[in-house]
Amino acid sequence: MATSLAETIRRAGVVGAGGAGFPAYVKASARADTVIINAAECEPLLQKDREILAHFAPDVARGLRLLVEAVGAKRGVIAVKAKHADLAALVERALAGQSGLSVHRLDDYYPAGDEFCQVFEVAGRLIPPGGLPIQVGVVVNNVETAYNIARASASPVVDTFLTVAGAVKSPRTLRLPIGTPLSQALDLAGGAAVKDFAVLEGGAMMGRLAEDLSRPLTKTSAGLIVLPKEHPLVRRKAAGRPARERRGRSACDQCCLCTELCPRYLLGYPVQPHKVMRGLLFAAPERRAWSPWGLLCSECKLCSLFSCPEELDPGDVCAGVKADFCAQARGGKDSPLTAGAEPRPHPVRPWRKIPTAQLKERLGLTRYEAEAPLRQEPYAPPVVRILLKQHAGAPARPVVSVGRPVHRGELIADVAPDELGVPLHASIDGRVTAIEDFVEISAG
Ligand code: SF4
Ligand code: SF4
């Protein structure tokens, strides 16, 4: 009996490369009428999805076709920003003659890549509050995931793509073995162009400060933004939750701009960050009455890094209340705000989309705009550390022991068939030299 696509990509360890690393086989097992490959890539300076499409458009197109067939869809779409006209034309050529497959040209706004925005733009449907695209018959994957799906029958996932940009000597998009230290990715982009620098892992908007550059790349790594230590964005990212809440309590004047420009609010979801900020004025039990207004926040950070005139952090405060709800195992599904309400897009939404150029200007990143071409030469790090937990679900358990020789692509850790998760594979040839919450492989 032929192996299903879902089983092939489970064995190959394919996860969503653009977010929390949700195992891709789950989406490939669903039934849907539309598949979207999300190529919006609106994190400023990051361009790995564009580079993957520029070099491997036929593979991404094949990944889309495989998904369309697997879920029984009638329509498959690669969603690219209209401003990348050459890329859209290239993708169109890769899809030519394939029934039901097409390019959708997106407006250039942040966050056009948010699943809720994208499903609305491409399919004209609104995901139920707190729900998933599949509930409206749509499956969404990102470009790298589609590329990995196309290659899954030939090779497991052993490399990851990322852009290294900002204050570096040679901005680059890199394809590196999973487990390569962040510091080596930085070196491959020529190193920092300033003496005192900080690194934002995952992007300027949704990324975090990387405290330890010896940490390994994972299947979900997307990019490193290097900035001078004194850059305002670094200062904002360095603030901890107590400082954010203290500033929010004393300086928020309830102007509501954070809410008025919030992409989720504008789509009609019950997200109102100014009300979560209002909650900071209250003690814990009363504060909880305001917290649900942050539960459906996507953590895009537009309110924190663009909208708020006082430079407060309503997006981070919303992220905090979401984390609190999860820690209390309440999830937010029990909130009156998330139960049954039909979202209705705000009539002014089309005029409140924030252009990415304006966002870059506000973030102080315009001067770092540069092409980051894909480095073609393969790179073999001397040592990799492959984290056992780098996807949503159960961590993988090692199936190798210290001292064992392994080859690139060989299974090194697995999950039980009934667990949510995927196996992991050696990303270089070598020998297992340590096992902790990672499998360390040393070359030679
Ligand atoms: S935009 Fe800033 S000051 Fe205005 S309500 Fe939101 S957090 Fe408060
Ligand atoms: S981070 Fe702010 S702007 Fe983004 S969804 Fe959350 S509340 Fe809205």
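The exercises below, each with a worked solution, concern the predicted model shown above.

Residues are numbered from 1 along each chain as its sequence is written, and chains are lettered from A and ligands numbered from 1 in the order in which they are written. Because the model is predicted, local features need pLDDT of at least 70 and side-chain atom pairs count only at pLDDT 80 or more, while totals for chains, interfaces and linings use all residues; side-chain values use heavy atoms, with hydrogens and water left out.

**Exercise 1. Ligand shells**

Find which residues surround ligand 1, and sort the shell by class.

Solution. 
Step 1. A residue is near a molecule if one of its heavy atoms lies within 4 Å of it. The residues around ligand 1 are Cys252, Asp253, Gln254, Cys255, Cys256, Cys258, His274, Met277, Cys308, Pro309, Glu310 and Pro314.
Step 2. For the classes, Ala, Val, Leu, Ile, Met, Phe, Trp, Tyr, Cys and Pro are nonpolar, Asp, Glu, Lys and Arg are charged, and the others, Gly among them, are polar. The shell of ligand 1 then has eight nonpolar, two polar and two charged residues.

**Exercise 2. Positive phi**

Describe the backbone and the exposure of glutamine 254 and cysteine 256.

Solution. 
Step 1. Glutamine 254 is not a glycine, yet its phi is positive, about 60 degrees. Cysteine 256, also a residue other than glycine, has a positive phi near 75 degrees.
Step 2. Glutamine 254 sits in the loop between helix 9 (241-251) and helix 10 (257-260). Cysteine 256 is placed in the loop between helix 9 and helix 10. Helices (H or I, at least four residues) and strands (E, at least two) are DSSP runs, numbered from the N terminus.
Step 3. Buried means under 20% relative accessible area, exposed over 50%, and partly exposed in between (1.4 Å probe, protein chains only). Glutamine 254, at 25%, is therefore partly exposed. Cysteine 256, at 21%, counts as partly exposed.

**Exercise 3. Salt bridges across the sequence**

Solution. 
Step 1. A salt bridge is a side-chain nitrogen of Lys or Arg within 4 Å of a carboxyl oxygen of Asp or Glu. The structure holds 32 of them.
Step 2. Arginine 50 lies in helix 3 (residues 48-71) and glutamate 371 in the loop between helix 16 (356-363) and strand 12 (383-387), so the pair ties together parts 321 residues apart in sequence. Arginine 50 is partly exposed at 22%, and glutamate 371 is exposed at 55%.
Step 3. Arginine 408 is partly exposed at 41%, whereas aspartate 159 is buried at 12%.
Step 4. Aspartate 313 is in the loop between helix 14 (302-307) and helix 15 (314-327), arginine 236 is in helix 8 (residues 232-238), and the two are 77 residues apart. Both are buried.

**Exercise 4. A cis peptide bond**

Which residues does the cis peptide bond join, and where does proline 111 lie?

Solution. 
Step 1. The bond joins tyrosine 110 and proline 111, with omega about 5 degrees.
Step 2. Proline 111 lies in the loop between strand 4 (109-110) and helix 5 (115-123).
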